[in-house]
Amino acid sequence: MSSTLAEPRPVERENPLRWARRVFRDFRRSRPFWGGLLAVLAGVPIMYFPYANLSLNGMTIAMATTAGAGSLIIGVLLVVLGLTGWFQPVVRVFAGIATTLLTLVSIPVSNLGGFGLSILPGLIGGGLMIAWAPLPEADPAEADATASGATAADTTVLAATAAGEPAVAAVADHPSVEEPAAQQPPAAAGETVPAQQAGEPKEIR
């Protein structure tokens with residue numbers, strides 16, 4: 001069977017696992033991901049321990065305090081600020097500063113910041129959100145002009161080579177390629193000073 005009668009090969013579909021990894025990588029690189037994640041993790045212990053009832057050898061231990069409402073508010077705000085850093089990177093500086101301040105406030109208000117489990121994640125997450133910055137975007141007009149100039153020069157050189165002409169002459173004729181400066185011949189040994197002053201180039205040593 002000839003190649004013209006052969007059935008076209010089906011297009012290979014992207015692996016779902018590879019697609020998920022690519023989407024997650026793009027999402028992670030375009031926002032302060034780790035700062036927001038640490039802020040969310042810092043808010044969980046703060047709002048959990050004041051309302052938790054732990055059992056130790058059949059004895060129930062309640063750690064609820066009079067500031068339980070404040071702990072709940074601080075924990076929820078930390079989670080919201082972490083999600084805000086993910087989905088609204090424009091306000092990342094405000095979210096980072098608020099995360100740092102709420103973490104420090106949770107030390108006297110919420111059982112020493114969730115028994116110390118939320119202090120380091122909250123401070124590090126707030127600092128990461130403040131320090132994160134997006135990658136600079138290249139100017140599309142400048143990039144297109146550079147690419148078009150390089151493509152035109154390459155096409156001119158290839159066409160001149162195929163026609164049998166020297167490539168140097170073809171590059172010199174192209175307006176987008178800079179022509180090297182012409183070298184001046186050295187001055188003769190017996191040349192006099194008036195001849196040089198009349199317009200002849202001087203020898204540079």
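Tutor: We take the labels one at a time and set each value against its definition. This is a predicted model, where local features need pLDDT of at least 70 and side-chain atom pairs count only at pLDDT 80 or more, while totals for chains, interfaces and linings use all residues. Residues are numbered from 1 along each chain as its sequence is written, and side-chain values use heavy atoms, with hydrogens and water left out.

Student: What makes up the secondary structure of the protein?

Tutor: Nine helices and two strands. Helices (H or I, at least four residues) and strands (E, at least two) are DSSP runs, numbered from the N terminus. Along the sequence the pattern reads α-α-β-β-α-α-α-α-α-α-α.

Student: Why is Ser71 called buried?

Tutor: Buried means under 20% relative accessible area, exposed means over 50%, and partly exposed is in between (1.4 Å probe, protein chains only). Ser71 has a relative accessible area of 0%, so Ser71 is buried. Ser71 is in helix H3. Buried residues make up 23% of the 205 residues in the protein.

Student: What does Ser71 touch, not counting residues up to four places away in sequence?

Tutor: Ser71 touches Ile46, Met47, Pro50, Val109 and Ser110. Contact means heavy atoms within 4.5 Å.

Student: Why is Gly96 called buried?

Tutor: Its relative accessibility is 0%, so Gly96 counts as buried. Gly96 lies in helix H4. Leaving aside neighbours within four places in sequence, Gly96 is in contact with Gly126, Met129 and Ile130. The C-alpha atoms of Gly96 and Ile124 are separated by 9.4 Å, and these two residues are 28 apart along the chain.

Student: Which residues form the largest nonpolar core?

Tutor: There are ten: Ala39, Ala42, Ile46, Ile74, Leu78, Leu81, Ala95, Ala98, Leu102 and Met129. Helices H2 (33–48), H3 (68–87) and H4 (92–109) each supply at least two residues of this core. A nonpolar core is a set of buried Ala, Val, Leu, Ile, Met, Phe, Trp, Tyr and Cys residues joined through side-chain atoms within 4.5 Å.

Student: Why is the pair of Phe27 and Phe33 called edge-to-face?

Tutor: A pair of aromatic rings is described by the distance of the centres and the angle of the planes. Rings of Phe, Tyr and Trp (its six-membered ring) pair if their centres lie within 6.5 Å; planes under 30 degrees apart count as stacked, over 60 as edge-to-face and the rest as tilted. By this rule the count comes to seven aromatic pairs. The rings of Phe27 and Phe33 have centres 6.4 Å apart and planes at 80°, so the pair is edge-to-face.

Student: How do you know that the pair of Phe33 and Trp34 is edge-to-face?

Tutor: Their ring centres are 4.9 Å apart and their planes are at 80°, so this pair is edge-to-face. Ring pairs link Phe24, Phe27, Phe33, Trp34, Trp86 and Phe87 into a cluster.

Student: Are Phe27 and Phe33 buried or partly exposed?

Tutor: Phe27 has 24% relative accessibility, so Phe27 counts as partly exposed. Phe33 has a relative accessible area of 9%, so Phe33 is buried.
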